[in-house]
Amino acid sequence: MLDTQTNRHLPALPLLRVNAVHKVFDASNGTIEALRDINMTIEKGEFICVLGASGCGKSTLLRIIAGFEKATRGSVSVYGVDVDRPGPERGMVFQDYALFPWLTIRENINFGPRHRGIPGPDVANLTDRFLAMVGLTAFADRYPHQLSGGMKQRVAIARVLANDTDILLMDEPFGALDALTRSKLQEELIDIWQSTKLTVIFVTHSVEEAVLLADQVIVMTAGPGRVDCQIKIDLPRPRDVSSPEFNAVRRDVTRRLTSHISRNRPAGTIADS
Amino acid sequence: MSLQVTVAEPARGVATAQEVVDPIPAVARAPRQRLRAIALAAIAPVCLLLFWEAMVRWTGTRLIPTPRDVAIMMWDFAFGGIYDDAYSASLPIHFWKSVQRVYGGFFCAAAIGIPLGLLIGRAPLIRKLLEPTFALLRPIPVTAWLPLSMIFFGLGPKSAIFLVFLGAFYPILLNTVFGVKSVDPRLFEAAEMLGCSGSKLFRAVVLPAALPSIFNGLRLGAGFAWILIVVGEMTGVPEGLGAVIMDGRTLSRTDLVITGMIIIGITGFISDRILVLLNNYFLRWSPQHHA
């Protein structure tokens with residue numbers, strides 16, 4: 001199941017390509033190598049989970065794809081065009097929601113369309129559609145502080161979807177939620193993904209979450225962050241976390257992940273460069 | 001044992017009412033709470049009045065009038081008909097002049113302080129250019145500017161407005177800068193990935209996110225403006241509450257001095273309440289910033 005990245009000369013360009021990305025942070029006592037030679041190719045409509053322990057650079061990788069950070073070396077391209085800044089085609093869902101607290105739910109969702117100059121009536125239709133999709137029509141005129149964590153994260157997802165994004169980047173989006181809300185939102189996310197044909201890159205440290213959601217799990221190792229392997233998850237959907245098949249896959253992925261952690265590498269080694 | 005699931009499952013994706021955290025519970029208790037707050041707030045001023053009365057009687061001083069004498073003076077100052085001197089029924093003109101100068105200076109300070117604060121907070125180059133200079137000028141007491149301001153603007157209201165402006169400017173500027181610097185960087189990232197960048201960020205993110213701090217600065221600035229009006233009206237203007245206090249001092253009319261003090265206190269208080277109302281309206285999205 002280990003899949004090495006080879007150039008297969010596909011006729012169409014892949015949606016997203018990460019090319020030999022390195023990332024080195026400057027620290028007070030030298031430099032820290034966060035990512036080393038990351039390569040991945042993501043096709044339209046895939047649901048990718050990036051799985052790894054804390055400090056393996058998975059969030060940094062996502063932030064580079066989003067354009068919030070620049071790669072020290074290497075590049076990220078969308079349909080063959082290099083990107084180096086945030087753009088509406090790559091919508092980010094943050095763990096801490098990052099909603100605009102001074103805007104109502106409706107205004108948060110139509111923030112993107114309004115700023116891109118879409119005409120008023122279209123914005124209204126769009127907003128209503130995505131409010132309904134995440135089940136928050138009744139809360140359209142509330143402010144974020146009046147909502148629970150789960151509802152805030154639904155708004156954050158709707159905000160990105162309403163902006164007509166191609167790739168949904170999610171940085172441990174359900175990490176701050178309770179278990180019940182988390183599983184409900186996981187289910188809703190899968191529904192949304194299946195109905196919209198979006199491409200999702202989902203960063204998590206939970207093996208169960210990765211196996212539940214992903215078509216493909218990219219396992220990362222720490223110090224410096226590298227891609228260890230890509231594992232295709234062939235379980236049929238909807239997936240049942242209590243089924244023996246699910247547990248077998250989960251055990252495999254866990255073993256793969258922990259085999260690196262038990263090697264006892266310090267998280268974040270000082271690079272010699 | 002069979003487990004029967006009877007709970008009707010709400011339509012998936014539809015949030016249930018319990019999920020909402022309602023921040024304003026029990027509106028019905030409000031009027032009683034309000035009365036209680038007013039009663040509690042009145043205790044200290046009433047005690048102060050009683051203490052004042054008692055001390056005047058006990059010491060037998062002629063220099064300080066009793067609260068009753070001041071109340072009579074205030075009535076005469078407002079409506080006339082008791083002393084019928086130069087100050088009878090002159091409250092409206094003095095009040096109006098002072099309000100004009102206070103808000104003239106205050107609005108100038110806000111009009112320059114807020115945009116400048118947004119720029120200093122957001123643009124590192126402008127920060128490096130201007131912040132050291134402001135840090136140098138800020139410790140200079142406003143009263144020290146008095147002679148210069150009289151030279152710059154002459155004896156008159158412009159000088160008073162300038163001093164009020166100086167007093168209100170720094171709190172507004174510094175709080176705006178602080179507000180801009182403490183905007184959560186995630187919000188900029190969120191705006192940028194939604195397609196809002198460059199100078200559009202000022203209007204869409206910087207200004208609203210800094211608004212709680214800006215209002216803090218405005219309230220502090222308005223407070224300083226009222227403090228400085230007395231200094232400002234020392235510059236030889238004939239009318240104004242500060243001028244009245246200075247006249248009272250010259251004429252040894254302590255009742256006039258205290259009348260002026262009380263009116264400034266009340267007006268400053270009302271002006272602050274108006275700012276609080278505006279604050280609560282514009283920050284209705286953030287109850288933690290309500291005053």
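## An enclosed helix: α9 of chain B

The buried residues of α9(B) are L241(B), G242(B), A243(B), V244(B), I245(B), M246(B) and G248(B).

What do the buried residues of α9(B) pack against? They pack against three helices of chain B: α3 (91–122), α8 and α10. Just after α9(B) comes S252(B), which takes a positive phi of about 55°.

I263(B) sits in helix α10 of chain B, which runs over residues 254–282. Is I263(B) buried or exposed? The count of other C-beta atoms within 10 Å of I263(B) is 20. A residue is called buried at 20 or more such atoms, so I263(B) is buried.

Leaving aside residues up to four places away in sequence, I263(B) touches F95(B) and L241(B). L241(B) is also one of the buried residues of α9(B). F107(B) lies 156 residues from I263(B) in sequence, and the C-alpha atoms of these two residues are 21 Å apart in space.

## The fold of chain B

Chain B contains 10 helices and 0 strands. Read from the N terminus, its elements follow the order α-α-α-α-α-α-α-α-α-α. The globule rule gives 19 Å for 291 residues, but the radius of gyration of chain B is 26 Å, well over that value, so the chain is more spread out than a compact globule. Its C-alpha trace spans about 90 × 55 × 30 Å along the principal axes.

Of the 291 residues of chain B, 34% count as buried. Among contacts in chain B with a separation of 6 or more, 69% are between residues 24 or more positions apart.

## Two domains

The domain assignment divides chain B into domain 1 (38–89) and domain 2 (92–289). How far apart do the C-alpha centres of domain 1 and domain 2 of chain B lie? The distance is 31 Å.

The contact between them takes 9 residues from domain 1 of chain B and 6 residues from domain 2 of chain B. On the domain 1 side, the residues that touch domain 2 divide into 8 nonpolar, no polar and 1 charged.

## Where chain B meets chain A

In the complex, 23 residues of chain B are in contact with 30 residues of chain A. Which elements of chain B give two or more residues to the side that touches chain A? They are α7 (185–193) and α8 (200–232) of chain B. The most comes from α7(B), which gives 6 residues.

By type, the residues on this side of chain B are 14 nonpolar, 3 polar and 6 charged.

## Confidence in the model

The predictor gives the complex an ipTM of 0.87 and a pTM of 0.83. The average pLDDT of chain B is 88, and 90% of the residues score at least 70.

Residues 1–20 of chain B have a pLDDT below 50. In the model this stretch has 15 contacts beyond near neighbours in sequence. Where pLDDT is low, predicted coordinates should not be read in detail.

Terms used: Residues are numbered from 1 along each chain as its sequence is written. Chains are lettered from A and ligands numbered from 1 in the order in which they are written. This is a predicted model: local features need pLDDT of at least 70, side-chain atom pairs count only at pLDDT 80 or more; totals for chains, interfaces and linings use all residues. pLDDT is the predictor's confidence in each residue, from 0 to 100. Two residues are in contact if their C-beta atoms, placed from the backbone, lie within 7 Å. Helices (H or I, at least four residues) and strands (E, at least two) are DSSP runs, numbered from the N terminus. Ala, Val, Leu, Ile, Met, Phe, Trp, Tyr, Cys and Pro count as nonpolar, Asp, Glu, Lys and Arg as charged, and the others, Gly among them, as polar. Domain bounds come from an automatic or database domain assignment. The radius of gyration is taken over C-alpha atoms; the globule rule is 2.2 Å times the number of residues to the power 0.38. A residue is buried if 20 or more other C-beta atoms lie within 10 Å of its own, exposed if 12 or fewer, and partly exposed in between; C-beta atoms are placed from the backbone.
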